[in-house]
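Below are some notes on the fold, the sheet and the core. Please read them with the structure open.

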Amino acid sequence: MKTILVVALMLMFSICSAHALDCGSNSARIKGKLIVRGDSTAVVRKLDADNVVQLQNKFGAVVGYRYEFFNGRRLLQINTRSGVVSSICRD
């Protein structure tokens, strides 16, 4: 019984890590435009994202936005804070 539980937990953790986003990128090309970490939010806003999510701190104040672009089965997330692109994540 213990063995089955351990195997199930290992399988669950391996599946979770396989779907993690890679946020190590410094740039991305979206709809013919090159977006680089440090660019203005206005550059990203012009690209018409598929989904926009507000990022909030623990008090509920908006500190930034996450712009999501879908390309088939791929997901690209551009996170902005204080009017500047802070991270670029790929799935």
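1. Strands are taken as paired if DSSP finds at least two bridges between them. Within this pair, Val52 stands opposite Tyr67 of β5.

2. Basis. This is a predicted model, in which local features need pLDDT of at least 70 and side-chain atom pairs count only at pLDDT 80 or more, while totals for chains, interfaces and linings use all residues. Residues are numbered from 1 along each chain as its sequence is written, and side-chain values use heavy atoms, with hydrogens and water left out.

3. Overall make-up. The protein has 2 helices and 7 strands, in the order α-β-β-β-α-β-β-β-β from the N terminus. Helices (H or I, at least four residues) and strands (E, at least two) are DSSP runs, numbered from the N terminus. Of the 91 residues, 25% count as buried; buried means under 20% relative accessible area, exposed over 50%, and partly exposed in between (1.4 Å probe, protein chains only).

4. The sheet. Five strands form an open sheet in the order β1-β7-β6-β5-β4, with antiparallel pairing. Because β1 (22–25) and β4 (51–56) stand at the edges with a single partner strand each, one side of each has no neighbour in the sheet. On average, neighbouring strands of this sheet are turned by 30° against each other, direction ignored; the axes are lines fitted to C-alpha atoms, and angles run from 0 to 180 degrees between N-to-C directions.

5. The core. The largest nonpolar core has 12 residues, among them Ala28, Val44, Tyr67, Phe69, Ile78 and Val85. Such a core is a set of buried Ala, Val, Leu, Ile, Met, Phe, Trp, Tyr and Cys residues joined through side-chain atoms within 4.5 Å. The elements giving two or more residues to this core are β2 (27–30), β5, β6 and β7 (84–90). Leaving out residues up to four places away in sequence, Tyr67 touches residues including Val44, Ala49, Val52, Leu76 and Ile78; contact means heavy atoms within 4.5 Å.

6. Asn79. This residue lies in strand β6 (residues 74–81). Is Asn79 buried or exposed? Asn79 is buried, at a relative accessible area of 12%. The side chains of Asn79 and Ser87 are joined by a polar contact of 2.9 Å; the term means a pair of N or O atoms within 3.5 Å, where within protein one must be able to donate a hydrogen and the other to accept it, and residues adjacent in sequence count only if both atoms are side-chain atoms.
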